[in-house]
Amino acid sequence: MAPRRELNNIECLGGAVVGRWAYVHAYDKCKKKTAKEIVRELMLHANHPQDDATSRKFMKRYILGRLVYGMYDRFKRARKYEEWWTEVHYDLWELDKVLTKEELNKYATAVEYEHKNKYFGVFRRNNVFPLAEFPDWVVAIRGTHLLSSTDLKNDLAIVLETLKSSKLIKILKVVVRRLGKDYKYCNVNVTGHSLGAAAGLLVCRRLALKGCLVEGHFFNPPFVALESLARTCAHAVKHALMRVFPADGEKLYERLKNAAWGASSTAFQAVVEPDGKKKALAEFARLAKVNWSPYLYVNKYDVICKTFLSHFTVAMHGSIDEDRKMWYSTVTEFSKWFLGKTESFHLLPSAHLVVIETFEERPYRAHKLWNWMVDPQLPYEFKQAKLIPSPHT
């Protein structure tokens, strides 16, 4: 009887898991459908003289979200995926219309990579329904599809800070740079969700270091480098020790932390690139000088991106060199020895933070793009966060 009872329990557990997955999938599908269908009502009221700044900001955020969703559905070959952009009066441009013949030949491998994986689209606003908040050009980048091995490799590259070596970054940078040169950088927006947000951040950060400023809107950008994951694991270890050893758990944790910190500090001093800190500080200062601040859309309950909030929480006092974690990743130096070229795209001196919290939808749904699109009255907190004051302020 016992084996039979255990089998029944396993079947019940399996049924519960399948049922939960089916519910989550159906709920997400419903929300995505809602996000797509509210466009008609929004477009009717667009450009209304009584529209306030908040509604116009939502309208722009909604448009950008639709273009990203269009990239998701194009990759999945979903029915009528073109409606995501045609209903808001944008046209999709193929890369052979954007890049020069020389660029198409030079980056032929990266272009083929993009054609195969369909990560991003280049959109131009048509003149049927002009609106001041709509950018003339948008590069929209999708996030991860869990059944794509290429996407999962790029996700791992985010953690290891080696995304810069991806063919996605190579072709994306060429495209954004070409649009900026041909149509002025001020007329180009870059947007993306999750993996797409990471790619967009990296490319726009690189261009900003050269003085080419591109407005970026990034939904749920990942802050999941090894360093941040290590801190998350440390909190979990501390919590577990406190539960198992209520009296001595905190002391045990402090001993483990001190031992680990001592070992890692010794190793870091042994392998760190002498000019690494100097280079990172110079890049931070340069970004502050040009006053580049991307828009980061962060959900407080999204474990993938919420570390951006703590990154900008601590106000800097005195020299920036006093708190290396704010601007410099030790993981980058470690990784160079094993993985080659690395770049900490997520460490920024300033940003426009748009913060929401969705209590009933944590933590899985907190990462969904539709959170930013289905409710025009969604309460949010807007912060202009800076670690280094701009010379112009």
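**Exercise 1. Contacts of Arg178**

Leaving aside neighbours within four places in sequence, which residues is Arg178 in contact with?

*Solution.* This is a predicted model.
- Step 1: Arg178 sits in helix H9.
- Step 2: Arg178 has a relative accessible area of 15%. Buried means under 20%, so Arg178 is buried.
- Step 3: list the contacts. With neighbours within four places set aside, Arg178 is in contact with Val98, Leu99, Thr100 and Glu103.
- Step 4: Along the chain, Arg178 and Glu103 are 75 residues apart. Their C-alpha atoms are separated by 9.4 Å.

**Exercise 2. A glycine in helix H9**

Find where Gly180 lies, and decide whether Gly180 is buried or exposed.

*Solution.* 
- Step 1: locate it. Helix H9 covers residues 167–183, and Gly180 lies in this helix.
- Step 2: read the accessibility. The relative accessible area of Gly180 is 5%. The limit for buried is under 20%, so Gly180 counts as buried.
- Step 3: look for partners. Not counting residues up to four places away in sequence, Gly180 touches Tyr185 and Val188.
- Step 4: compare sequence and space for another pair. Gly180 and Trp137 are 43 residues apart in sequence. From C-alpha to C-alpha, the distance is 9.5 Å.

**Exercise 3. Salt bridges between separate elements**

How many salt bridges does the structure have by the rule used here? Work through Lys60–Glu215 and Arg66–Glu87.

- Step 1: take the total. The count comes to 14 salt bridges.
- Step 2: examine Lys60 and Glu215. Their side chains meet in a salt bridge at 2.6 Å, N to O. The pair links distant parts of the chain, 155 residues apart. Lys60 belongs to helix H3 (residues 53–76), and Glu215 to strand E5 (residues 215–219).
- Step 3: compare the two ends. Lys60 is buried at 15% relative accessible area, whereas Glu215 is partly exposed at 31%.
- Step 4: examine Arg66 and Glu87. Their side chains form a salt bridge at 3.4 Å, N to O. Arg66 lies in helix H3, while Glu87 is in the loop between helix H4 (83–86) and strand E1 (90–93), so the pair ties together parts that are 21 residues apart in sequence.
- Step 5: Arg66 is buried, with 0% relative accessibility. Glu87 is partly exposed, with 21%.

**Exercise 4. Cysteines**

How many disulfides does the structure hold?

*Solution.* 
- Step 1: give the count. There are zero disulfides.
- Step 2: The cut-off for exposed is over 50%.

Notes: Residues numbered from 1 in each chain as written. Predicted model: local features only at pLDDT ≥ 70, side-chain atom pairs only at ≥ 80, totals over all residues. Heavy atoms only, no water. Disulfide = S-S within 2.5 Å. Helix = DSSP H or I, 4+ residues; strand = E, 2+ residues; numbered from the N terminus. Buried < 20%, exposed > 50% of the residue type's maximum accessible area, 1.4 Å probe, protein only. Contact = heavy atoms within 4.5 Å. Salt bridge = Lys/Arg side-chain N within 4 Å of Asp/Glu carboxyl O.
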